[in-house]
Amino acid sequence: MKTVDLKFLSQKICDAKRILIAGHKNPDGDSLCSVLALAQLIKLNFSKDAVCAYDGNIPDMLDNMPMRSEMQYYAHIDAGTPFDLVFILDYGTKNHIGGVMPFVKSARYVIEIDHHNNCDLIGDLAFCDDASAATGEIIFNIANKLKWTHDATVNDLLAASVLTDTGFFKYVRRGRVLRMMADLVDAGVDIEKISNALNNKPRKTVLTEAGVVSRAEFFYHGRLALAIIDEHDYKNLDGRGEMVLSLLGQIKGVEYVALLKRQKEMQTGVSLRGKTMPVDEIAAKLGGGGHTYAAGAVVADSLENVRTRVLELFRGAKK
Ligand SMILES: [Mn+2]
């Protein structure tokens with residue numbers, strides 16, 4: 001993060017009359033909380049109200065986040081006058097920007113802040129660091145370097161962005177994000193309170209998750225757990241069925257979890273998890289990809305056919 005760039009960022013906020021901040025389509029915790037934290041930092045330090053925009057759906061679990069009501073659906077925002085400054089956060093690739101893209105294109109100046117390995121840089125100024133655990137971590141560092149004032153709302157939002165993107169520290173790869181959290185906890189952040197605030201799923205979601213788990217099948221001496229979400233259950237899920245994958249992965253002896261989702265008659269979503277064995281190659285064989293232990297694909301075939309293929313692929317998986 002160059003000092004000259006930070007000064008430039010500060011100057012751009014000073015100069016701008018209309019500011020818009022957006023994350024990726026279908027915001028997750030990091031995306032939503034980073035947007036709101038930056039808006040609050042701009043309010044505290046520049047006395048300016050930024051418009052917080054989103055496209056898609058915000059999961060129910062984020063309804064209790066501070067400032068949640070400030071999020072505006074992109075189609076309800078006046079597109080008549082271009083924004084002087086647009087921040088685009090946590091988006092990864094251009095096609096995750098969704099309906100906010102026209103605001104990005106018409107903006108006088110665009111600043112992006114992202115922790116994804118982002119090859120689609122579209123801003124005039126970029127603060128990208130794929131060594132950061134969350135976009136909230138980058139915002140925390142920017143705010144600190146510029147000596148911006150924080151308040152409890154900012155601190156809670158930045159903590160929530162890190163907690164959600166690291167799965168409550170499970171996916172932390174570098175200690176510095178823990179040092180950031182240590183500072184936030186010393187400043188009054190209550191991790192248990194944030195965790196409880198995120199326990200906010202609709203009853204139908206939890207009951208659906210429990211039903212899907214209870215109907216799971218087990219193969220290859222219990223090493224593979226396979227669960228199926230049918231079309232009518234798919235819409236009851238909040239997100240991508242993370243809880244189903246997590247619960248099945250807790251079973252002794254289960255090495256792999258496969259979750260098959262009937263999205264349409266001829267479209268099946270596949271989510272794969274490996275506890276210590278990689279699943280990315282299997283996802284690639286299904287035309288998808290992802291991380292070593294968490295990967296997936298969307299296959300243009302019936303759920304029944306995809307189930308057969310998945311079982312075959314895991315039959316050959318390393319013991
Ligand atoms: Mn993120």
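Val86 and Ile21 have the most contacts inside the largest nonpolar core, a set of 58 residues. Such a core gathers buried Ala, Val, Leu, Ile, Met, Phe, Trp, Tyr and Cys residues joined through C-beta atoms within 7 Å. Buried calls for 20 or more other C-beta atoms within 10 Å of a residue's own, exposed for 12 or fewer, and partly exposed for anything in between, again with C-beta atoms placed from the backbone. Helix 2 gives the most to this core, nine residues. A second, separate core holds 28 residues, including Ala227, Leu260, Ala283 and Val310.

All of this comes from a predicted model, in which local features need pLDDT of at least 70 and side-chain atom pairs count only at pLDDT 80 or more, while totals for chains, interfaces and linings use all residues. Residue numbers start from 1 along each chain as its sequence is written.

Taken whole, the protein chain has twelve helices and twelve strands; these are DSSP runs, H or I of at least four residues for helices and E of at least two for strands, numbered from the N terminus. Its radius of gyration is 21 Å, close to the 20 Å that the globule rule gives for 319 residues, so the chain is as compact as a globular protein of that length. That radius is taken over C-alpha atoms, and the rule is 2.2 Å times the number of residues to the power 0.38. Of the 319 residues, 38% count as buried.

Six strands make up an open, parallel sheet in the order 3-2-1-4-5-6, where pairing takes at least two DSSP bridges between two strands. Strand 3 (71-73) and strand 6 (125-128) sit at the edges with a single partner strand each, so one side of each is left without a neighbour in the sheet. Neighbouring strands are turned by 25 degrees against each other on average, direction ignored. Strand 2 (residues 51-54) runs parallel to strand 3 and is joined to it by three bridges; Ala53 has Gln72 of strand 3 as its bridge partner.

Helix 2 (residues 29-46) packs on this sheet, touching strand 1 (19-22), strand 2, strand 3 and strand 4 (85-89), and its direction makes about 155 degrees with that of strand 1. Angles run from 0 to 180 degrees between N-to-C directions, and axes are lines fitted to C-alpha atoms, for helices over the stretch in contact. Helix 4 lies across strand 4, strand 5 (109-114) and strand 6, at about 115 degrees to strand 5.

Ala297 is buried, with 20 other C-beta atoms within 10 Å. Not counting residues up to four places away in sequence, Ala297 touches Val270, Ala283, Leu286, Gly287 and Gly288.

Two residues have a backbone angle worth a look. Most residues other than glycine have a negative phi. Asn26, not a glycine, has a positive phi of about 50 degrees; Asn26 is in the loop between strand 1 and helix 2. Tyr220 is not a glycine either, and has a positive phi of about 50 degrees; Tyr220 is in the loop between strand 7 (217-219) and strand 8 (224-229).

Notes. Two residues are in contact if their C-beta atoms, placed from the backbone, lie within 7 Å.
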